[in-house]
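Good morning, and thank you for joining.

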Amino acid sequence: MKNLREIARVIRSKNSSPMKLTLDIIFKDRPTFEEVKKKNLISKAVIAKAYQLPESQIEKVIYFDPALAVKIGMNRLTRSGSPGDTDVYGAQQHAPLLGIELDV
């Protein structure tokens with residue numbers, strides 16, 4: 001088992017709209033990316049568990065081969081800029097990904 005931080009070059013988040021987040025995981029090398037993809041180690045279920053959300057909140061998980069990346073689309077819990085929002089840009093929402101352990 002390896003922590004996602006060990007095998008990813010970039011782990012980030014950003015708003016894709018006021019109510020949506022995009023999470024990006026860019027892997028360090030093609031063999032690791034291919035293994036993660038083949039085993040489907042990053043899935044809606046894995047992301048939902050990391051964020052303690054129902055799987056229905058995770059809209060999509062896309063493996064993007066040219067960038068050795070996984071892109072995840074999910075709903076924000078709070079509308080960007082609304083009262084109670086602590087991260088207007090969505091740039092700090094990737095933290096739950098940092099604890100993911102993968103069998104690679």
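**Notes on a predicted model**

Lys39 is partly exposed, at 41% relative accessibility; the classes here are buried for under 20% relative accessible area, exposed for over 50%, and partly exposed in between, with a 1.4 Å probe and protein chains only. Residues are numbered from 1 along each chain as its sequence is written, and side-chain values use heavy atoms, with hydrogens and water left out.

Let me stay with Lys39. Its partner in a salt bridge is Glu35, with the closest N and O atoms 2.9 Å apart; by salt bridge I mean a side-chain nitrogen of Lys or Arg within 4 Å of a carboxyl oxygen of Asp or Glu. Helices (H or I, at least four residues) and strands (E, at least two) are DSSP runs, numbered from the N terminus. Glu35, too, is partly exposed, at 29% relative accessibility.

The structure holds 8 salt bridges. Which residues are linked in a network of salt bridges? They are Arg12, Lys14, Asp24 and Lys71. Since Lys71 lies in strand β5 (residues 69-75) and Asp24 in strand β3, the pair ties together parts that are 47 residues apart in sequence.

Is Asp24 buried or exposed? At 2% relative accessibility, Asp24 counts as buried. Its two partners are described otherwise: Arg12 is partly exposed, with a relative accessible area of 38%, and Lys71 is partly exposed at 31%.

I turn now to the nonpolar side chains. In soluble globular proteins, nonpolar side chains tend to be buried together. Here, the largest nonpolar core has 25 residues, and those with the most contacts inside it are Leu4, Ile25, Ile42, Ile47 and Leu97. A nonpolar core is a set of buried Ala, Val, Leu, Ile, Met, Phe, Trp, Tyr and Cys residues joined through side-chain atoms within 4.5 Å. The elements giving two or more residues to this core are α1 (4-7), β2, β3, α2, α3 (44-51), β4 (58-64) and β5. Strand β3 supplies the largest share, 4 residues.

Leaving aside neighbours within four places in sequence, Leu4 is in contact (heavy atoms within 4.5 Å) with Ile11, Ile25, Phe27, Leu97, Ile100 and Leu102.

Ala48 is found in helix α3 and is buried, with a relative accessible area of 4%. Apart from neighbours within four places in sequence, Ala48 is in contact with Leu53, Pro54, Glu55 and Ile58.

Next, two backbone details. Asn40 has a positive phi of about 50° although it is not a glycine. Asn40 sits in the loop between α2 and α3 and is partly exposed, with a relative accessible area of 42%. Gln52, also a residue other than glycine, has a positive phi near 55°. Gln52 lies in the loop between α3 and β4 and counts as exposed, at 74% relative accessibility.

Gly99 is placed in the loop between β5 and β6 (101-102), and it counts as exposed at 53% relative accessibility. Gly99 and Arg5 are 94 residues apart in sequence, yet 8.0 Å apart in space, C-alpha to C-alpha.

That concludes my remarks, and I welcome your questions.

Conventions
This is a predicted model: local features need pLDDT of at least 70, side-chain atom pairs count only at pLDDT 80 or more; totals for chains, interfaces and linings use all residues.
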